[in-house]
Amino acid sequence: MAEAHEYRLLASEPVYEGRVISLHRDTVAMPGGGDSVREVVRHPGAVAVVALDDEDRVLLLRQYRHPVGAYLWELPAGLRDAHGEPPVETARRELAEEAQLSARRWSLLTTHHSSPGFCDETVLIYLAEGLADAELPEGFTAEHEELDMQLDRVPLAEAVQRVFTGEIRNASAVVGLLAAAQYRASGPRLRPLDAE
């Protein structure tokens, strides 16, 4: 078994600063001596919501995603780009903005790193139950790809099957749907709602 090594950041050079992401060239101390350069995408993080209604149907959104050139079935989700907003509040806001829904019960299902080989994005996935209609948040206006979104409520078991048939490929949707199904099947102990 290899000895533990402290990977120290020796230098970080900004390469690109965008509206959502930035790219840095980091130099990191490596095991056995020496260093290596890693290109790292910095991301504010995101939330996603498995919204289950009283009939055990999950809300899915079909949205165009330019980087993959395709429509994807996804969960309601959004960036953690409102400074100081707790992630569960971001999840509540996104559910209202994208589906005009609220929920009486919220649970934190999972936290995952979407692409840790090159990006620091962390995604928190929440389970929302006891759904009710909600007003659009004040000041919110749908734009761009949001104008073309399609919403559908699908039985949770069917949504899970769509993961295995390849119809659902969005990482947060895959993780969230499988976690929700496992939670419904065996009731594992979840972390506190305010955990990261």
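**Strand pairing and helix burial in a predicted model**

Strand E2 (residues 22–29) pairs with E3 in the antiparallel sense over 8 bridges. Strands are DSSP runs of E, at least two residues long, and helices are runs of H or I, at least four residues long, both numbered from the N terminus. Pairing requires at least two DSSP bridges between two strands. The model is predicted: local features need pLDDT of at least 70, side-chain atom pairs count only at pLDDT 80 or more, and totals for chains, interfaces and linings use all residues. Residues are numbered from 1 along each chain as its sequence is written, and side-chain values use heavy atoms, with hydrogens and water left out.

E2 and E3 belong to an open sheet of 3 strands, ordered E1-E2-E3, with antiparallel pairing. Strand E1 (9–17) and strand E3 (35–42) each have a single partner strand and stand at the edges, so one side of each lacks a neighbour in the sheet. Neighbouring strands of this sheet are turned by 20° against each other on average, direction ignored. Axes here are lines fitted to C-alpha atoms, for helices over the stretch in contact, and angles run from 0 to 180 degrees between N-to-C directions.

Strand E5 has two pairings to report. E5 and strand E10 (residues 150–155) run antiparallel and are joined by 6 bridges. Leu61 has Leu151 as its bridge partner in E10. E5 also pairs with E6, antiparallel, over 5 bridges. There, Leu61 stands opposite Glu74 in E6. E5 and E6 form a hairpin with 4 residues between them, and Gly69 in the turn has a positive phi of about 60°.

Helix H3 (residues 171–186) has 16 residues and should span 22 Å at 1.5 Å a residue; its end C-alpha atoms are 22 Å apart, which agrees. The expected span is 1.5 Å times one less than the number of residues. Ser172, Ala173, Gly176, Leu177, Ala179 and Ala180 of H3 are buried. They cover an arc of only 165° around the axis, which puts them on the same side of H3. The arc is taken from the directions between the helix axis and the C-beta atoms. Buried means under 20% relative accessible area, exposed over 50%, and partly exposed in between (1.4 Å probe, protein chains only). The cover over the buried residues of H3 includes strand E4 (46–52), strand E8 (101–113) and helix H2 (156–165). Gly187 follows H3 and has a positive phi, near 60°.

Glu94 lies in helix H1 (residues 87–99). Glu94 counts as buried at 7% relative accessibility.

How values were computed
Contact = heavy atoms within 4.5 Å.
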